[in-house]
Amino acid sequence: MAKTAIAYKEKMKEISVLSLLCSCLYPEARKNLVGEFQVAGMEVKPINKRASGQAFEVILKPPSPMSDAAHCVTSPPKREVSLEDIQKKLEAAEDRRRSQEAQVLRALAEKREHERDVLLKAMEENSNFSKMAEEKLTMKMEQIKENRQAYLASIMERLQEKERHAQVVRRNKELREELTA
């Protein structure tokens with residue numbers, strides 16, 4: 001089984017991407033490709049053509065009784081893990097954790113600093129707006145007061161003018177009465 005897997009990998013390395021592409025487009029090239037795999041100890045059956053391309057079914061032939069039965073796939077030998085290695089890994093993990101924690105704390109501090117700056121700027125703009133609004137209101141009230149005083153002065157002036165005119169009319173009337181009497 002291991003030999004067939006190795007042979008399969010070798011054949012896949014030998015086949016270029018171009019030949020795979022050509023096998024989908026030209027059926028005669030696909031037959032040649034199928035022949036190559038059959039030599040390698042496997043059987044390749046083409047499945048009906050699909051809309052997305054060509055599909056194959058790869059059947060690995062069972063190992064022959066003459067093949068080496070000793071060829072088993074074994075996992076690589078496990079490495080001895082020493083106490084020093086474990087401690088180094090733990091220290092590295094602790095350093096990574098501290099670094100990440102410090103980075104998070106820095107980010108939070110920057111965020112708080114930014115929030116504080118934004119809040120101070122908003123408060124400053126608010127106080128500036130309040131001052132400007134107060135100054136405008138004060139100027140408007142002074143203007144209204146001046147306008148009112150000017151209006152009252154003009155009314156008083158007209159009233160005095162009418163009073164003078166009334167006195168002139170009364171005097172003229174008295175003079176006429178004296179002349180006619």
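Glu161 and Arg164 sit three residues apart in helix α4, so about one helical turn separates them. In this predicted model, the two side chains form a salt bridge, with the closest N and O atoms 3.1 Å apart. Glu161 is partly exposed, at 44% relative accessible area. Arg164 is also partly exposed, at 42%.

Glu113 and Arg116 are both in helix α4, three residues apart, or about one turn. Their salt bridge brings the closest N and O atoms to 2.6 Å. Glu113 has a relative accessible area of 37% and counts as partly exposed. Arg116 is partly exposed as well, with a value of 43%.

Arg97 pairs with Glu101. The closest N and O atoms of this salt bridge are 3.0 Å apart. Here the spacing is four residues within helix α4, which spans residues 83-180, and the separation is again about one helical turn. Arg97 is partly exposed at 39% relative accessibility. Glu101 is partly exposed at 42%. Both residues belong to a salt-bridge network that links Glu94, Asp95, Arg97, Arg98 and Glu101. The salt-bridge count comes to seven.

An unreviewed UniProt entry annotates residues 83-117 as a coiled-coil region. In the model, residues 83-117 are 100% helix and 0% strand.

Definitions and conventions
Residues numbered from 1 in each chain as written. Predicted model: local features only at pLDDT ≥ 70, side-chain atom pairs only at ≥ 80, totals over all residues. Heavy atoms only, no water. UniProt positions renumbered as here; feature names shortened; annotations may be inferred. Helix = DSSP H or I, 4+ residues; strand = E, 2+ residues; numbered from the N terminus. Salt bridge = Lys/Arg side-chain N within 4 Å of Asp/Glu carboxyl O. Buried < 20%, exposed > 50% of the residue type's maximum accessible area, 1.4 Å probe, protein only.
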